[in-house]
Amino acid sequence: MPLSPNLRGALFMMVAMVGFTLNDAITKYSSQSMNMAQVMLIRGAFASLFVGLLAWQRGALLRPQLMLQPLVAIRVLGEAGATVSFLVALAHLPIGSVSAVLQALPLAVTMGAALFFGEAVGWRRWLAIAVGFAGVLIIVRPGFDGFRIYSLWALASVACCTVRDLATKRIPRDIPTMLVSTATALAMTVVGAVLLSPMGGWTPMTGKSTALLALAAVLVLIGYQFIIMAMRSGEISFVAPFRYTALLWSILLGLIVFGDIPDMPMIVGATIVVGSGLYALYRERVVGRRRIVAETTGPAMAPDGL
């Protein structure tokens with residue numbers, strides 16, 4: 001029997017999360033042989049090429065001066081901070097732990113939209129936000145033996161992603177999405193080039209390492225394509241929760257590829273964060289908001305400016 005639009009959208013969403021998570025795994029693997037600035041530079045160059053060609057084919061580059069629009073610039077700066085901090089955390093922490101912290105992003109965006117844009121957030125969603133961030137603290141474990149300083153980089157990535165997504169909400173609709181994506185990819189390439197020397201300089205690359213980073217860029221594009229298909233196939237309120245499958249893929253890949261076994265605090269904290277996020281989505285559906293938070297945050301719940 002043919003799948004319903006909602007089930008088809010859920011399937012597309014899970015495929016998108018697989019693409020994004022595989023990209024993260026390749027990035028973490030590549031960090032074992034080169035510094036993260038070099039990863040940003042090479043992966044960003046491939047992404048700029050692929051996204052730029054796609055944007056040109058769709059006619060999104062007819063007004064390149066729109067890249068200098070202030071909100072676009074703020075989004076790019078937020079993405080730059082998010083990408084650097086995310087990659088540093090990813091290089092030193094289990095991929096599942098970093099992914100678990102990033103699941104708090106929708107809650108952070110809800111809080112930011114209430115504080116800075118005056119959007120109405122009821123007490124139930126404020127409670128969900130508080131509980132979600134308590135789950136993050138369980139994962140990070142500040143002051144306890146399991147605490148690792150690189151967890152703060154993952155938290156910094158959440159903060160920068162929040163700035164990125166709040167700026168994205170206010171970018172004028174006449175600015176093409178593909179133009180913004182091209183500007184972001186180019187900026188990440190430049191940031192990688194600037195940080196290359198401070199982070200240790202250039203490491204000679206093999207054909208395998210170059211191909212892997214090219215594959216990572218392709219996987220991100222596949223992820224974006226499937227997430228667009230997911231949002232267009234089913235109801236957002238039904239499809240959006242399947243974004244949390246990214247955490248399951250991250251834990252599975254961490255176990256298979258890197259031998260990372262999640263400990264109990266990470267599992268408990270991640271469960272609390274995901275549960276809080278799902279409850280916030282449910283409340284937004286109940287109150288009948290036109291745009292739920294899952295629609296306004298980055299699709300991978302992680303930096304996307306490769």
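Biologist: What makes the crossing of helix 6 and helix 12 left-handed?

Modeller: In this predicted model, the crossing of helix 6 and helix 12 is left-handed, a term used when the near helix is turned anticlockwise from the far one by less than a right angle.

Biologist: Why is helix 6 called roughly antiparallel to helix 12?

Modeller: The axes of helix 6 (residues 123–140) and helix 12 (residues 264–286) cross at roughly 165 degrees and come within 7 Å. Angles over 145 degrees count as roughly antiparallel, and therefore helix 6 is given that description relative to helix 12. The residues of this contact divide into 13 nonpolar, 4 polar and 4 charged; among those in helix 6 are Arg-124, Val-131 and Ile-139, and the partners in helix 12 include Met-266, Tyr-279 and Glu-284.

Biologist: Why are helix 1 and helix 2 called oblique to each other?

Modeller: Helix 1 (residues 5–30) and helix 2 (residues 36–57) pack at an angle of about 130 degrees, with their axes 9 Å apart. Angles over 145 degrees would count as roughly antiparallel and those from 65 to 115 as roughly perpendicular, so the pair is classed as oblique. Helix 1 passes helix 2 in a right-handed crossing, where Asn-23, Thr-27 and Ser-30 in helix 1 meet Met-36, Val-39 and Arg-43 in helix 2. By class, this contact has 2 nonpolar, 3 polar and 1 charged residues.

Biologist: How do you know whether Thr-162 is buried or exposed?

Modeller: The relative accessibility of Thr-162 is 10%, and buried means under 20%, so Thr-162 counts as buried. Thr-162 lies in helix 7 (residues 151–170) and, leaving aside its neighbours within four places in sequence, is in contact with Leu-105, Ala-108 and Val-109.

Biologist: What is the span of helix 5, and how does it compare with the expected one?

Modeller: Helix 5 (residues 105–117) has 13 residues and reaches 17 Å from its first C-alpha to its last, which is close to the 18 Å expected at 1.5 Å a residue. Helix 5 is followed by Gly-118, whose phi is positive, near 70 degrees.

Biologist: Why is Met-67 described as partly exposed?

Modeller: Met-67 has a relative accessible area of 23%; since buried means under 20% and exposed over 50%, Met-67 falls in between and is partly exposed. Met-67 sits in the loop between helix 2 and helix 3 (70–92), and its contacts beyond its neighbours within four places in sequence include Leu-61, Val-72 and Leu-179.

Key
Residues numbered from 1 in each chain as written. Predicted model: local features only at pLDDT ≥ 70, side-chain atom pairs only at ≥ 80, totals over all residues. Heavy atoms only, no water. Helix = DSSP H or I, 4+ residues; strand = E, 2+ residues; numbered from the N terminus. Expected span 1.5 Å × (residues − 1). Axes fitted to C-alpha atoms, helices over the stretch in contact; angles between N-to-C directions. Parallel < 35°, antiparallel > 145°, perpendicular 65-115°, else oblique. Contact = heavy atoms within 4.5 Å. Nonpolar A, V, L, I, M, F, W, Y, C, P; charged D, E, K, R; others polar. Buried < 20%, exposed > 50% of the residue type's maximum accessible area, 1.4 Å probe, protein only.
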